[in-house]
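Me: I would like a close look at one chain of this model. Keep it brisk, and define the terms as you go.

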Amino acid sequence: MQEIVTIENLEFKYLGAGDKALRGIDLSLERGRRYLLVGASGSGKTTLARCITGLIPHFYQGEYSGEVVVDGMKVSETPIQRLAEAVGYLRQNPEEQVLMTKVEREIAFSLEFRGLTTEEMERITRRVMENLGISHLWGRTTDTLSGGELQKVVIASMLVLEPKILILDEPSAYLSPMAVKNLQGLLDTYIPSQSTLLVIDHRLDYWIGFVDTVIYIDRGVVRYMGSPGRLLNLLGSEEHRLNIPLHIRLSHDLKQVVNTRGVNS
Amino acid sequence: MYRIGLEAFRFEERDAPLYRLDPRAKLLVAFIYMILTILANSQAIQLLITALLLATLLLLGRLGRKLVKNLVTLAPLMTLVFLANYLVSGDLMASLLPTQKLLNLVMSLNTFFLTTNPDDFAITLEKMGMPLTITLAFSLSLRFIHVLARVLTEIVEAQLSRGHKLDSGGLTTRIRNYTAILIPLIIISVRKSISVAETLELRGFREGARHTPFTTMKIGFWDVAYIIVSISIATALLIYGGEIENILLEILTRYLEDMAI
């Protein structure tokens, strides 16, 4: 599989911060795969996402070393606007990412800087809205939308640029368990199979069945990257700050019992 | 109450003729009324301008309830202007004029801001040659009025639920009480502005980039009619202001005499 993101020995310390937010990160993300980045609050999840989008080092300043390459572009040498064509980044609160008053203008905003004609922009916007099942929102003002509708609009505004990697930062923060299920259904249906998905969430139980790979980050260091099932090893091997779902914990404990006492006991 | 203050100036989509007009036409007419308000130094003419603006906002904009909220929010400022002028001049009628001017200036701006989508406002400014960074700053400020209104309500509710008293004590105590609202509001506003700046970067915005607005604007028949009618009224008021004032005063005097009889 081809890699879309390669990170080598990445370290970052925010301006004025005491400790490094990221320390010696080495990882690569492959095209068409789904990743879940988990870790406790303050572990460096969002900082890592900012490094992929280019917000670090271009927007947030600090001590930056190492190398991040996204779709063949060195992040430290490429402007965010250029990287935005490859990376879509949806943050926790969709409301803070809405820039325009009208839904269709919000979705088309990124296209307004691509040298397209009004007709081309309208065609792309209509297609994406149709794909996401939000055509009926055309003409509505963004402040009248429900949370779920707003999230779809923000996703649509990223999809118009056909990003190769989509990063969702804490998407479950403002959603009910049912709304998270709906969001997963939406991602399943409408995100192109060749696109890479990186979900950042501390709710392991919501996403563990949805992703191919889990990346566990703790105090700025990647402690684990592999299949969700093998996350179990973390339980026995080291102290962790993760909210492991009950069924995984139960399964792990049962295995422990079987291993130590045998099947009959 | 805290929310009403900000909500009174927020754009809300409505199906009314004034909303359908080209923002450039509305901006021009708003400026015409503002210039007229500044130039006219007669209470009768100011009263006529108020009537015209009210007719525009109520009949063409269907903004009755919104206008009431708007005026309730402005009432303390208008009272302050009136009292300050009265204390200085001691003349009741002379103090009324600046208050009328303030009212008319606000209502003139309302014919544009209450009926124009912030996105269209940004495009209007861009078409007038303003840089995109400034037009976006304007439209984003307008868009975030309701977000800040909600944040303000949340902060007030949170502080009240903790037993914080806002409206008790003397003036200095009250001012001190309000810092508990203002400081979190400023911090949240700064945080939100950083988030918006991040979003702009991530959505491909850059200073000096070629920009093609998604919405196109076209001046139509009704826009031209709105401009011509407004200019005609303004010119008539400026040229025949004295005569109109005399006629109005005569009517008023006769009415008062009839009432006395």
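Which domains does the domain assignment of chain A give?

Reply: This is a predicted model, in which local features need pLDDT of at least 70 and side-chain atom pairs count only at pLDDT 80 or more, while totals for chains, interfaces and linings use all residues. Residues are numbered from 1 along each chain as its sequence is written, and chains are lettered from A and ligands numbered from 1 in the order in which they are written.

The assignment for chain A gives domain 1 (1–86 + 163–232) and domain 2 (100–162). Such bounds come from an automatic or database domain assignment. Taken over C-alpha atoms, the centres of domain 1 and domain 2 of chain A are 24 Å apart.

Now the contact between them. On the side of domain 1 of chain A, 10 residues touch eight residues of domain 2 of chain A. Contact here requires C-beta atoms, placed from the backbone, within 7 Å of each other. Helix α7 (residues 177–190) of chain A supplies the largest share of the domain 1 side, with five residues. Helices (H or I, at least four residues) and strands (E, at least two) are DSSP runs, numbered from the N terminus. By class, that domain 1 side holds eight nonpolar, one polar and one charged residues. Ala, Val, Leu, Ile, Met, Phe, Trp, Tyr, Cys and Pro count as nonpolar; Asp, Glu, Lys and Arg count as charged; the others, Gly among them, are polar.

Next, the strands. Strand β1 (residues 3–14) of chain A runs antiparallel to strand β4 (residues 62–70) of chain A, and eight bridges join them. Two strands pair if DSSP finds at least two bridges between them. A:Ile7 stands opposite A:Val68 in β4(A). β4(A) also pairs with strand β5 (residues 73–74) of chain A, again in the antiparallel sense, over two bridges. There A:Val70 has A:Met73 in β5(A) as its bridge partner. β4(A) and β5(A) form a hairpin with two residues between them. In its turn, A:Asp71 has a positive phi of about 50°.

Further along is A:Glu85. It lies in the loop between α3 (80–83) and β6 (87–90) of chain A. A:Glu85 is partly exposed because 16 other C-beta atoms lie within 10 Å. The scale calls a residue buried at 20 or more such neighbours, exposed at 12 or fewer, and partly exposed in between, with C-beta atoms placed from the backbone. The C-alpha atoms of A:Glu85 and A:Lys164 are separated by 8.0 Å, although the two residues are 79 residues apart along the chain.

Conventions: Contact = placed C-beta atoms within 7 Å.
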